[in-house]
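Please read the following note alongside the model. It takes up a few features in turn, with the cut-offs given where each term comes in.

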Amino acid sequence: MSSTPKIRADVEAARLPMTLPRLAEKKRQGEAIVMVTAYDFPSGEIVDAAGADVVLVGDSAAEVVLGYPSTVVVSLEEMLMLTAATRRGVRSALLIADLPFGSYEASDELAITSAQRFVKEAGADAVKLEGGGEAQLSRIRAIVGSGIPVMGHVGLTPQTATALGGRRAQGRTAERALAVGEQARAVQAAGAFAIVFEAIPAAVAADLTPLLDIPVIGIGAGGGTDGQVLVLHDMLGIYPGRAPRPAKQYIELRSPMIAAVSQYAAEVRDGRFPTAEQAFSIDPAELQAFREGLQQR
Ligand code: KIV
């Protein structure tokens, strides 16, 4: 317990900022890459202090932070605000922002403009976009060509889940698994520096990963990828009910959070909060003078 601050200081001292070459080197060396989402200053600071290699301001923010029913609803402005807040907390990890639905599909020009806003206004190091079709490949080439690194994302792509038949695992027949592999290769050829595999069979992901030169980060894709990504709020158990299938809940924070706020509410209601510890004092002579001043008004 008492060694925690020292361990943290040692970890921080030993950490160099994550860069694209360092990420590529991790794949070559077979070192697992740790990616996790964050959406604001405290969560960015926490995941960075915990040693994440890559922090993603995912459009999962739509659901877990903003309470929307799906990721397609979140706006570019909302994602920019969340990314800028996260940037202020992240010091060492590579910070990637998700391009939200509607911010890149229409044209290469729109994709470049949106990506540039994430870098210039919000401080992102790179952006991520979903899909491996012709249009998305063109957007990846355009953004990379403008000097901004892009992470790809294939398999289950939540922004277009309706077209995929819902939020379900992808690549579960030989033909579809081969198609996922083709998309991944095309995303790599378009210039992406890394790629997310979401919700594809573990054996398929394990076979495809060594065929790609770029790091593959899995979620619901088994242990054979180069790294893993989880949604922070799923890991921390901030929701009622079970975490989604690909997630592992490491702690259940919702109950202690409710308990803490309930205790505060009870203490306010029965006068136990605040105490002298939370209050500011005033010199007795100044107080006396203040009270006399009050009388005279
Ligand atoms: O939005 C998100 O959080 C993501 C990850 C699950 C990869 O895209």
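The points below go from the overall fold to helix packing, backbone geometry, salt bridges and a surface patch.

1. This is a predicted model, in which local features need pLDDT of at least 70 and side-chain atom pairs count only at pLDDT 80 or more, while totals for chains, interfaces and linings use all residues. Residues are numbered from 1 along each chain as its sequence is written, and side-chain values use heavy atoms, with hydrogens and water left out.

2. The protein has 12 helices and 8 strands, taken as DSSP runs (H or I of at least four residues for helices, E of at least two for strands) and numbered from the N terminus. Its C-alpha atoms fill a box of roughly 85 × 40 × 40 Å along the principal axes, and 42% of the 297 residues count as buried (under 20% relative accessible area, with exposed over 50% and partly exposed in between, using a 1.4 Å probe and protein chains only).

3. The axes of helix H7 (residues 134–145) and helix H8 (residues 174–190) come within 8 Å and cross at roughly 25°, which makes H7 roughly parallel to H8 (angles under 35 degrees count as roughly parallel, over 145 as roughly antiparallel, 65 to 115 as roughly perpendicular and the rest as oblique).

4. Two backbone sites deserve a check. The peptide bond from Phe273 to Pro274 is cis, with omega near 0°, and Pro274 sits in the loop between H11 and helix H12 (284–296). Ala199, although not a glycine, has a positive phi of about 50°; this residue lies in the loop between strand E6 (194–198) and helix H9 (202–208) and counts as buried because its relative accessibility is 12%.

5. The structure holds 13 salt bridges (a side-chain nitrogen of Lys or Arg within 4 Å of a carboxyl oxygen of Asp or Glu). One of them joins the side chains of Arg167 and Glu63 at 2.6 Å, N to O. This pair links distant parts of the chain, 104 residues apart, with Arg167 in the loop between strand E5 (150–155) and H8, and Glu63 in helix H4 (residues 61–64). By contrast, Arg28 and Glu25, which meet in a salt bridge at 2.9 Å, N to O, both lie in helix H2 (residues 20–29), 3 residues apart, about one turn of the helix. Arg28 is exposed because its relative accessible area is 61%, whereas Glu25, at 31%, counts as partly exposed.

6. Tyr264, in helix H11 (residues 254–269), counts as partly exposed at 46% relative accessibility. With Val261, Val268 and Phe273, Tyr264 makes a nonpolar surface patch of about 360 Å².

Methods: Patches are made of residues with over 30% relative accessible area and no salt bridge: like charges are joined within 9 Å, nonpolar side chains (Val, Leu, Ile, Met, Phe, Trp, Tyr) within 5 Å. Accessible areas come from the Shrake-Rupley method with a 1.4 Å probe; for residues, only the protein chains shown count as cover. Axes are lines fitted to C-alpha atoms, for helices over the stretch in contact, and angles run from 0 to 180 degrees between N-to-C directions.
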